[in-house]
Amino acid sequence: MTIKTANLGFPRIGKHRELKFALESYWADRSDAGVLLDVGKRLRAQNWALQKEKGIDIIPSNDFSFYDHVLDTTVMVGAIPSAYGWKGGPVALDTYFAMARGSTGDAAHADCGHKHHHGHGVPALEMTKWFDTNYHYMVPEIGPDQFFALTANRPLDAFIEAKTLGIHTRPVILGPVTFLKLAKGTEEGFAPISLLERLLPVYARVLAELSAAGADWVQIDEPCLVLDLSGEEQAALKHAYRALHELVPNLKIMLATYFGNIGDNLPTALALPVSGLHVDLVRAPQQIDALLKTSPDLTLSLGIIDGRNIWRADLAAILKKIEPLVQRFGADRLQIAPSCSLLHVPIDLDLETGLDEELTSWLAFATQKLDELSALGSPGGAYQVIAAASQAVASRAASPRVHDLKVRQRVAAIDETMMTRSSGFAERTSLQERKLCLPLFPTTTIGSFPQTSNVRKSRSAFAKGTISEADYDAFLKKETEAAIRWQEEIGLDVLVHGEFERNDMVQYFGEQLSGFAFTQHAWVQSYGSRYVRPPIIFGDVSRPKPMTVEWWRYAQSLTDKPVKGMLTGPVTILNWSFVRDDLSRADVSRQIALAIRDEVIDLEKAGAAMIQIDEAALREGLPLRKADWKTYLDWAVESFRLCASGVSDETQIHTHMCYSEFNQIIDAIAAMDADVISIETSRSKMELLEAFRSYKYPNEIGPGVYDIHSPRVPEVAEMTELLTLARKRLTDGQLWINPDCGLKTRKWEEVRPALVNMVAAARQLRNAAPPTRA
């Protein structure tokens, strides 16, 4: 039995992060567009050659992006807000990056092709998480007056580029319905999906030009099919694909879904005039039974290799799982593929020379997943590969490194009293106010300060052994003291130590917890040139010793102002890690929560009056189907409360959350019962606060007053305007003033003036408000 193998997408960043360095060089004016474009061309060629070498039958093109594939689609169809100065025709590279990162120049000249502009610039588009992954996309902004036009056929360019290298590819395009569903309406009540009819001619032209160039198949991604769809959205899918089929009848469409179960949308998907349907059988294996009950006259692409996790596949079990589909439809009507694009996993396990042999045998990164696909496509000739996979899976299941009886017993003993503060918020807040004596509109930051080249070089030198631990410790103390002194100087009310000792908000903790493993080169893209190396949770989790207490104690010794203890919460650690797949995510989260609880209690014993437990990723773990939300939110909130509730009423618990549309989960946010929550609101111009106003959220809130993902420095007036909007939604006593997120990725020359302006904005508010926090 031989089945065709297909890939849905490959990581863009390069084995050695070539894309990151090329982008940052271009943005810093150290190289020109030609150099950047050449790096992109070289990476695409390498990816195509690798997939061909691995024997993949169907290789994707147009899966590469210089920043984000949703932004690429936005630019391709001409949905460019007027603020970016585009006047039609091809879109300049710097207009593209202005949409992604904001611009420090004059919006009216953003499309002139020059990087050096003058004026106040324009902010970036909003950014949010791609479904329930840790990848960010740029949110298209579409209003009723939007008209679409093909600015450049990028899918065609990529197809021809691969063709000249002797590789016939299947172009990848984000589907029109998912694109419009992900877009943000620029006017209240306006649904971008209503403009589908205007958008379809652009898609038809893209497909027609691909067909004329020799493409026989195209992969159109419609992951919206795994969401709860309205009748209007289901009708939009039917209309879109009927229209595209009529306009370009000779091009075969592989309709790709991923990240979940098509479920009640399956009849809609099967009714579309497409030639193929891709289903995610890793996240939703129950779809096998649903498909066996149908008789689709199309090619089924089976997503059977996990595109979102790094565990070696049990190839024998997979073959057994898909056997009913092979018998029902025949091998010639099937393709086997990853569950989704391999964008979400690291590129090559062979780069990891620091992992021990046993752990390495349990893993598979993107390159190894191609090998797994090849073996499954021709299992008769891959007996040894399949047997080795079975042996590795059995080894992992039996390893004593994975199981810790004490951790299991501690989780089993969790009770309600461990998840509840001694008193309600009203009583706690009065005690905290007396202890902390903060002014109205207290100012603070989210935690991290810029990780300068000196910080990174020193960390690298220490890791390589070229400087001693004592010298590294002295360097970190010097950086910490400078940060404390500067915060005092500009007048921040609540200080942070800057986190110079931390490589990453998750990795730093994972390195000190049992059950975690770390890589050297396993980078995955979070957004743009921002890559992360997620920890690997392979076993039961516990905290051998305190992790942050000494750094907090040192920072607090330098100042009379309160310094926050800074921790990452259990759900964020879980959601930003590659998590073991042999235990429920809820149980893994509870294990981590108990470890963080121990740290919170130790910080309080050391004297910390404020402890921030960041749950930046709580919402991103929300299941895609609403019916599954309650189960997730129950254990996620339980995990936060478990780590936060072991302290006295006087200790103020903060949390920070990113990219959160709070309206639908405000009950869960309130149930977390943090004394202060800071959130990202500047890009939405405080719109996210509506949920807190309508809910009458009683606790305190720090709505971010400037977007840290952009290099631009907002003026005092801009922040004051945002705070004025916030005051319409919150009482003055609830309001804290802080940036949107941590400042690790920014430069000091951006951070210093921005925070000075933020403090000035707070003072303006205090001067105009009654002198009370009530």
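Which residues in α1 meet which residues in α2? Glu18, Leu19, Ala22, Leu23 and Tyr26 in α1 meet Ala33, Leu36, Val39 and Leu43 in α2, contact meaning heavy atoms within 4.5 Å. This is a predicted model: local features need pLDDT of at least 70, side-chain atom pairs count only at pLDDT 80 or more, and totals for chains, interfaces and linings use all residues. Residues are numbered from 1 along each chain as its sequence is written, and side-chain values use heavy atoms, with hydrogens and water left out.

Stay with this helix pair. The axes of α1 (residues 18–27) and α2 (residues 33–53) come within 9 Å and cross at roughly 170 degrees. The helices are DSSP runs (H or I, at least four residues), and strands are too (E, at least two). Axes are lines fitted to C-alpha atoms, for helices over the stretch in contact, with angles from 0 to 180 degrees between N-to-C directions. α1 and α2 are therefore roughly antiparallel (over 145 degrees).

The largest nonpolar core has 152 residues, and Trp130 and Tyr241 touch the most other members. Such a core joins buried Ala, Val, Leu, Ile, Met, Phe, Trp, Tyr and Cys residues through side-chain atoms within 4.5 Å; buried means under 20% relative accessible area (1.4 Å probe, protein chains only). Helix α7 (residues 196–212) gives the most to this core, with 9 residues.

Last, a sheet. Three strands form an open, mixed sheet in the order β13-β16-β18, where pairing takes at least two DSSP bridges. β13 and β16 (residues 536–542) pair in the antiparallel sense over 3 bridges. Helix α22 (residues 585–606) packs on the sheet, touching β13, β16 and β18.

Key:
Buried means under 20% relative accessible area, exposed over 50%, partly exposed in between (1.4 Å probe, protein chains only). Angles under 35 degrees count as roughly parallel, over 145 as roughly antiparallel, 65 to 115 as roughly perpendicular and the rest as oblique.
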